[in-house]
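Thanks, everyone. Let me put the model up, and then I'll walk you through its parts.

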Amino acid sequence: MEELTFGTLIAVLEEMFGRGLFWGLVVIAALVTAAFVYVIVRDRSLRSRWFLRAELLAPIGAIAAIWFVFVITRSGLGDVGGPIDVIALIMIGLAGAVGLTFLAYTVQAVVGGKRGEA
Amino acid sequence: MSFELDRRAFLAAALGATALGAARPAHAQRVATSAKIVIIGAGAAGSSLANRLAARLDGAEITIIDARKRHLYQPGFTLIASGLKPAGYSVSSTSDWLPRAVNWIEEGAAEIDPEAKTVTTDSGTQVSYDYLVVAAGLKLNYDQIEGMDVGLIGKDGIGSVYASPEAAEATWREMDRFTDEGGVGLFSRPATEMKCAGAPLKYTFLTDDYARRKGNRGKTEIIYAAHSKSLFGVPIVNEKVRMLYGERGFDTRYEHVMKAIDPGRKVATFATPEGDREIPFDFTNVIPPMSAPDVIRNSPLPWADKWVGQGYVEVDQYTLRHNRYPDVFAAGDVAGVPKGKTAASAKWQVPVVEDQLVAQIAGQEGTETYNGYTSCPLITRVGRAMLIEFDYKNNLVPSFPGVIAPLEELWVSWLMKEIALKATYNAMLRGRA
């Protein structure tokens, strides 16, 4: 088996989403990440109240991510056939959970603005 | 949500790209040349190679000869014939994939003269070349099944996934009706070389799956007529498929080759070692005998002693260079090699032809070779597939050894087929994967 190069991966992703949508998503992801870093630097800490609220959304993110993949691939839990399927689902769920947590925290922090110590 | 999308897509693409065969870097050092290169065929292999050569060669005159304005993503046909995608899923324009630097002659090739190094097109135009790449695909010979005609597809229980995206869609309508009503589903494959030998098996599994989902499996009989003594050419895969066929309750008949079909009586006739056998059907997926296109078969390029009458190009199975005409190469379905009439094989063959051809132009020895790699995401039901990859030696060559088991029905393998394979295929056409 030969190596999967980064260039190939980008090419495949561009084909999958369309070039515009793919790079649009990359830009959005980068902006959310930048905003998250910004609020952390601004506040010099994670605000526990915002973080707790954001964490509460994690299961929703996980379920939404798994549901989305099942819907677009016309499959369901009954199709899980081996350990790698469970691992893949956990990874998809984790990605959804972590993604929504970051997004929710960032939105609260940006909207809530800079306040005193929590 | 963008973050999760990216993560998911990344994972899926990583898996998908590997399912089609992971790529090497698309572009190495550019070589200056004024060579005239003609490519016959703008399908998967031809388009991909045109892009790679255009990027790799400086000053070469690259001509591609193909009359077809439509480019067809053939790995999608099974999904169309299973009602999972519309016919348009597999259709794009040939012109979408060809680089501007390449001269596209929108005609078929009518004659090849490898001594004079010319190709004559349908209109009689003579195109001379220094190097020729034959990527003409193969021909479906429906007329070799008595009573069969492409016009019958979609009527009287007759389906045929291979003929076109529209035929695949018409096949789905018949399969959908059949799995509502029940009866005898008859599946088979030809005795010739064929593209994607896994496809007849997949479609049998999918028909069974729909009958089960609709609660009609009890009134459905599924017969699979294998052309030889096995279901699949790779022994270890054959055993697995044999077991699954047993589990699913398929009635497997060996050494049955379809020779005639009677749409009125709904009966197919098979040649067997014991003489002709008739099998009635309420639904069948006709897969015709296949051969190289006539222009290749009638040229001096085919093997004389292998695949006799089928006309596949006589190339070295590792370098894909013609054994008698060193300035001729073949890639894709038309190449006379023991394995690999799939898009995944084309993806692995094209960089080899690129390397060998460019090295030859530069007066060097090529280093890349083709090991027979073929990949078949063998769908066993909607939602599961086995990611089967093998080479010339019938060895399994899994992309993710120890992670994705090749002989296990898995959801992740289905995931790849559904979302990542077409993207990888498109990237391949552009010479980027």
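Start with the domains. Chain B is divided into domain 1 (20-83 + 91-138 + 292-373) and domain 2 (144-290). Those bounds come from an automatic or database domain assignment. The C-alpha centres of the two domains of chain B lie 31 Å apart. Across the boundary, 15 residues of domain 1 of chain B are in contact with 20 residues of domain 2 of chain B. Contact here means that the C-beta atoms of two residues, placed from the backbone, lie within 7 Å. On the domain 1 side, helix 3 (residues 77-80) of chain B gives the most, with three residues. By class, that side of domain 1 of chain B has eight nonpolar, five polar and two charged residues. For the classes, Ala, Val, Leu, Ile, Met, Phe, Trp, Tyr, Cys and Pro count as nonpolar, Asp, Glu, Lys and Arg as charged, and the others, Gly among them, as polar.

Some ground rules. This is a predicted model: local features need pLDDT of at least 70, side-chain atom pairs count only at pLDDT 80 or more, and totals for chains, interfaces and linings use all residues. Residues are numbered from 1 along each chain as its sequence is written, and chains are lettered from A and ligands numbered from 1 in the order in which they are written.

Now chain B as a whole. Chain B has 10 helices and 24 strands. These are DSSP runs, numbered from the N terminus: helices are H or I, at least four residues, and strands are E, at least two. The radius of gyration of chain B is 22 Å, which agrees with the value near 22 Å for a compact globule of 433 residues. That radius is taken over C-alpha atoms, and the globule rule is 2.2 Å times the number of residues to the power 0.38. Of the 433 residues of chain B, 57% count as buried. A residue is buried if 20 or more other C-beta atoms lie within 10 Å of its own, exposed if 12 or fewer, and partly exposed in between, with C-beta atoms placed from the backbone.

Next, two strands of chain B. How many residues of strand 15 are buried? Five of the six, at residues 220-225, so strand 15 of chain B is largely enclosed by the rest of the structure. Strand 14 (residues 183-188) of chain B pairs with strand 15 in the parallel sense over six bridges. Pairing needs at least two DSSP bridges between the strands. Leu186(B) has Ile223(B) as its bridge partner.

Strand 19 (residues 275-280) of chain B has zero of its six residues buried, so strand 19 lies largely in the open. Strand 18 (residues 267-272) of chain B pairs with strand 19 in the antiparallel sense, over six bridges. A hairpin through two residues joins strand 18 to strand 19. Thr269(B) has Glu278(B) as its bridge partner.

One residue to look at: Ile37(B). Ile37(B) sits in strand 2 (residues 36-40) of chain B. Is Ile37(B) buried or exposed? Buried, because 25 other C-beta atoms lie within 10 Å. Beyond four places in sequence, Ile37(B) touches residues including Leu53(B), Ile62(B) and Tyr131(B).

Last, chain A. UniProt, in an unreviewed entry, places "transmembrane region" at residues 20-41, 50-72 and 84-105 of chain A. UniProt positions use the numbering here, feature names are shortened, and annotations may be inferred rather than shown by experiment. Residues 20-41 of chain A are 100% helix, with end C-alpha atoms 31 Å apart.
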